[in-house]
Amino acid sequence: FAAWSLGLAEAKSKGLVGETPSGYLRAVGSQSGEVSQLVSRINAERKKVYQDIAAKRGTSLKNVEALAGKKAIDKSGAGEFVFVGGSWRKK
């Protein structure tokens, strides 16, 4: 997981991926194979965590994803991309 976090931080800082309101990452622009693999791995891990949280709290996966998306966008650093209002924005 630590290696994925490092890859994620680098991808965010280079503007290759960004956070979305759905709680999942998405590539900004066209995807290379490496970016696509990173996004898939991180999103699969996030979904597992979200499913666990939803089950423990007795709420829907969709509610957990929306809350996680809001938090991820809020926590995104300056210069990172976030998907808001249907388009990418640099924070």
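**Helices and their labels**

Modeller: Helix H2 (residues 33-57) has 25 residues and reaches 36 Å from its first C-alpha to its last, close to the 36 Å expected at 1.5 Å a residue. Please note that this is a predicted model.

Biologist: Which residues of H2 are called buried?

Modeller: A residue is called buried when its relative accessible area is under 20%. In H2 the buried residues are Val35, Leu38, Val39, Ile42, Asn43, Arg46, Tyr50 and Ala54.

Biologist: Why is Ser36 called partly exposed?

Modeller: Ser36 also belongs to helix H2. The term covers values between the limit for buried, under 20%, and the limit for exposed, over 50%. Ser36 has a relative accessibility of 28%, and therefore counts as partly exposed.

Biologist: What makes Ala9 partly exposed?

Modeller: Ala9 is found in helix H1 (residues 2-13). Its relative accessibility is 44%, so Ala9 counts as partly exposed. From C-alpha to C-alpha, Ala9 and Glu80 are 9.8 Å apart, although they are 71 residues apart in sequence.

Biologist: How do you know that Asn63 is partly exposed?

Modeller: Asn63 is located in helix H3. Its relative accessible area is 47%, and for this reason Asn63 is partly exposed. The C-alpha atoms of Asn63 and Leu8 are separated by 24 Å, and these residues are 55 apart along the chain.

Biologist: What describes the packing of two helices?

Modeller: Two quantities are used: the angle between the axes and the distance between them. For H2 and helix H3 (residues 61-75), the axes come within 9 Å and cross at roughly 120°.

Biologist: Which residues meet where H2 and H3 are in contact?

Modeller: From H2 there are Lys47, Tyr50, Gln51, Ile53 and Ala54, and they meet Leu61, Val64, Glu65 and Ala68 of H3. Sorted by class, this contact has six nonpolar, one polar and two charged residues.

Biologist: What follows H2 in the chain?

Modeller: Gly58 follows H2, and its phi is positive, near 65°.

Methods:
Residues are numbered from 1 along each chain as its sequence is written. This is a predicted model: local features need pLDDT of at least 70, side-chain atom pairs count only at pLDDT 80 or more; totals for chains, interfaces and linings use all residues. Side-chain values use heavy atoms; hydrogens and water are left out. Helices (H or I, at least four residues) and strands (E, at least two) are DSSP runs, numbered from the N terminus. The expected span of a helix is 1.5 Å times one less than its number of residues. Buried means under 20% relative accessible area, exposed over 50%, partly exposed in between (1.4 Å probe, protein chains only). Axes are lines fitted to C-alpha atoms, for helices over the stretch in contact, and angles run from 0 to 180 degrees between N-to-C directions. Contact means heavy atoms within 4.5 Å. Ala, Val, Leu, Ile, Met, Phe, Trp, Tyr, Cys and Pro count as nonpolar, Asp, Glu, Lys and Arg as charged, and the others, Gly among them, as polar.
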